[in-house]
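Thanks for asking for a second pair of eyes on this one. My notes follow as numbered points, to be read with the structure open beside them.

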Amino acid sequence: MSTKKKMFLSAAGAGGGGPTDVDDVFSTYLYDGTGSNLTITNGIDLSGEGGLVWFKQRNATRDHGLFDTARGQGKYLVANDINVEATTTTMLTAFNSKGFTLGGGGAIVNNGSGTYVSWTFRKAKKFFDVVTWTGNGVNGRTISHNLGSTPGMILVKSTSGSDGWITYHRGMDASSPQNYAMFMNLTGGRTTETYWNNTAPTSTGFTVSNNVKLNGGSGQTYVAYLFAHNDGDGEFGPDGDQDIIKCGSYTGNSADARTIDLGFEASWILVKRQDGATDWWIVDDMRGLFARQQTGRYLEANTANSDANQGKFWADSQGFAVDAGDYNTGGENYIYMAIRRGSLNIPENATDVFDVDQYTGGQAVNTKFNSAGFPADMLIHLHKIDNVENNLATKLLDKLLVPNSTAAAANTDYASWENNNGWVTGESTAGNTWRLASGANNHIVYAWKRAPSYFDVVSYIGTGSNRTVTHNLGVAPEMMWIKALISGGYDWMVYHKDVPSPNSKMLKLNETGVGIDRTALLNNTAPAATQFTVGTDVLTNNNTTRYIAYLFATAPGVSKVGSYTGTGSDQNIDCGFSSGARFVLIKNASASDNWPIFDSTRGIVAGNDFHLSLNNPHNEANNADYIDPHSSGFAVVGNDIMVNASGNTYIFYAIA
């Protein structure tokens with residue numbers, strides 16, 4: 001991006017215009033209540049830009065609490081009721097430049113035994129705005145806003161009266177949605193009462209009638225939350241041309257796994273039937289928006305109910321999917337608001353997207369590992385002793401896989417993803433390999449965060465015929481791991497750009513061999529920036545079989561997917577790093593050998609190096625000097641076949 005464009009986007013973000021990233025304007029943040037002062041750092045500038053924080057206790061029947069900067073930190077509304085605005089000095093006590101601070105005096109936001117979710121919406125053009133006004137009883141009054149685009153959804157609440165949450169949504173009618181309204185605190189469908197004076201909202205204002213719920217006289221006060229609808233006109237991401245929020249509609253067709261195409265993967269969804277009665281469901285990727293057949297969680301905006309399991313809404317690389325049932329019944333009509341998952345920017349610092357955590361076994365149930373500082377999307381867990389199988393867990397999948405085996409994916413609670421700063425040990429106590437081997441530092445976990453040009457994960461169902469699979473890596477994958485989730489000898493297939501004839505020849509992550517030459521694996525087609533191709537081979541595309549694919553790429557200064565030719569003598573491998581590699585995975589592509597992993601936590605040193613192998617659950621080895629530190633990447637040493645035999649081709653994946 002040009003310096004001029006960067007300066008423009010920075011100034012726009014600071015002045016209320018289009019920000020550069022989803023992470024600048026929206027956050028789903030989970031936390032445990034303390035009953036005392038607590039600061040939540042979610043990266044959202046509320047003190048400078050303004051916005052809304054929406055709270056819900058997850059483990060108890062408790063009202064939703066909504067606090068916004070327009071009314072001030074000491075005032076809140078309840079989403080699931082008609083209550084007037086309440087005043088407090090002990091709940092949300094400060095809007096900060098990177099989040100907010102809570103006091104200890106309110107169970108709605110900070111009960112000492114509570115688990116909570118907070119959704120933060122920052123004011124920004126083409127995303128979100130908050131406006132307040134005092135009623136004057138004038139029919140057809142225009143309320144100005146600074147959304148910078150025509151609102152896709154508007155929530156209005158009288159702060160001084162016991163009236164419901166009147167909702168406008170562009171999907172309530174194909175031609176005249178302004179002639180209808182719903183109430184977010186109720187289950188009912190749309191009504192034709194003329195709350196909006198039958199006048200469509202514009203990019204600068206929306207119209208209200210003289211109904212007491214929106215514009216009564218006698219000094220009554222109101223607040224409105226306005227959500228944008230991007231339709232190819234969003235101003236987000238490094239080039240200021242990406243969409244991050246959609247307010248749309250769909251008609252049910254009673255088909256399972258029906259995909260709602262947004263043009264991006266959703267991280268947060270609000271959905272409601274508009275021509276009949278349903279609750280207002282909220283699902284998000286921090287509480288569980290998984291690939292199909294996994295159990296996520298939902299809350300209801302119109303009730304005080306606690307978190308509950310849901311098996312209706314699923315993640316999809318281009319939107320979200322919904323099964324037949326309450327929110328996909330044939331002929332019924334639904335509205336939704338959806339927000340994009342993840343950052344749009346290429347990471348510049350490896351510590352923002354990768355972490356190594358060495359720890360002692362015997363951890364307690366639900367132990368939080370916060371060292372990553374980001375919500376983990378993938379974990380590789382290796383045991384240093386006892387020859388215990390390696391584990392790989394993925395947030396999107398919420399199942400456990402074994403990299404050294406063809407075993408099917410296992411339903412498991414070994415790990416939980418409900419941690420904005422890392423991961424959590426699961427709830428199982430018997431045979432839980434995340435906590436076995438209780439000696440000091442006998443476990444090591446590598447954590448990845450999905451990010452453009454670095455790492456992505458996508459799940460797909462095979463068709464048995466040539467097809468493409470859409471992904472969100474943003475560049476052509478340079479390495480891919482593909483695994484069927486069923487039993488029956490389905491190997492881990494590895495594409496790497498530097499393997500000879502890579503589009504037809506793939507290695508096996510679970511074996512030592514040099515790979516198999518089968519053109520039907522990827523249909524002899526190189527992966528692209530938005531999709532990869534699979535052929536008719538059962539290892540990558542068996543009909544009705546679900547697969548998981550892990551996609552890796554070179555992010556300058558952060559990660560490197562590459563290769564080198566062994567020399568039999570010491571040589572430096574330049575990855576473009578400035579302070580050396582923290583993680584290195586190597587495979588001899590010319591001869592049968594292991595997939596060793598080296599990391600700087602256990603020691604990439606000028607001497608014998610500790611290593612473990614993805615394909616082999618052996619005890620940690622420290623019997624030779626294979627790899628040395630080097631500022632631009634790493635160095636390989638000597639003439640060992642595993643890392644540097646003369647004339648052999650080696651592929652590698654390194655992280656700074």
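**Notes on the predicted model**

1. Let me begin with the cysteines. Cysteine 247 is buried, since its relative accessible area is 0%. Cysteine 575 counts as buried too, at 6% relative accessibility. How many disulfides does the structure hold? The number is 0. As a reminder, a disulfide is a covalent bond between the sulfur atoms of two cysteines.

2. Next, confidence. This is a predicted model, and the mean pLDDT of the chain is 93. Of its residues, 95% reach 70 or more. Where should you be careful? Over residues 1-18, pLDDT stays under 50. The model has 26 contacts beyond four places in sequence for that stretch. Where pLDDT is low, the predicted coordinates should not be read in detail.

3. The largest nonpolar core has 83 residues. Which residues have the most contacts inside it? They are Trp448, Tyr454, Trp481, Tyr550 and Phe634. Strand 51, which covers residues 649-655, gives the most to this core, with 6 residues. There is also a second, separate core of 60 residues, and Val156, Met184, Val208 and Met337 are included in it. In soluble globular proteins, nonpolar side chains tend to be buried together.

4. Tyrosine 550 deserves a look of its own. Leaving aside residues up to four places away in sequence, tyrosine 550 touches Met378, Leu392, Thr394, Leu401, Phe455, Asp456, Val457, Met479, Met480, Trp481 and Trp492. Tyr550 is also part of a cluster linked by ring pairs.

5. Staying with rings, a search of the whole structure finds 51 aromatic pairs. In one of them, phenylalanine 121 and phenylalanine 128 have ring centres 5.7 Å apart and planes at 40 degrees, so the pair is tilted. Both phenylalanine 121 and phenylalanine 128 are buried. Tyrosine 250 and tyrosine 336 have ring centres 6.3 Å apart and planes at 35 degrees, so this pair is tilted as well. The tyrosine pair links distant parts of the chain: tyrosine 250 sits in strand 17 (residues 245-251) and tyrosine 336 in strand 25 (residues 333-340), 86 residues apart. Tyrosine 250 and tyrosine 336 are both buried.

6. Is strand 16 mostly covered or mostly open, and how many of its residues are buried? Strand 16 is mostly covered, with 7 of its 8 residues buried.

7. Another strand pair to check is strand 26 with strand 34. In strand 26 (residues 354-359), 5 of the 6 residues are buried, so this strand is largely enclosed by the rest of the structure. Strand 26 pairs with strand 34 (residues 443-448) in the antiparallel sense over 6 bridges. Aspartate 357 stands opposite valine 445 in strand 34.

8. Serine 267 lies in strand 19 (residues 266-273) and counts as buried, at 5% relative accessibility. Its contacts, not counting residues up to four places away in sequence, are Phe26, Val283, Asp284, Asp285, Leu289, Ile339, Arg340 and Arg341. Glycine 105 is found in the loop between strand 8 (99-102) and helix 4 (107-110). At 47% relative accessibility, glycine 105 counts as partly exposed. From glycine 105 to alanine 407 the C-alpha to C-alpha distance is 50 Å, and the two are 302 residues apart in sequence.

Key:
Residues numbered from 1 in each chain as written. Predicted model: local features only at pLDDT ≥ 70, side-chain atom pairs only at ≥ 80, totals over all residues. Heavy atoms only, no water. Core = buried A, V, L, I, M, F, W, Y, C linked by side-chain atoms within 4.5 Å. Buried < 20%, exposed > 50% of the residue type's maximum accessible area, 1.4 Å probe, protein only. Helix = DSSP H or I, 4+ residues; strand = E, 2+ residues; numbered from the N terminus. Contact = heavy atoms within 4.5 Å. Disulfide = S-S within 2.5 Å. pLDDT = per-residue confidence, 0-100. Phe/Tyr/Trp six-rings, centres within 6.5 Å; stacked < 30°, edge-to-face > 60°. Pairing = 2+ DSSP bridges.
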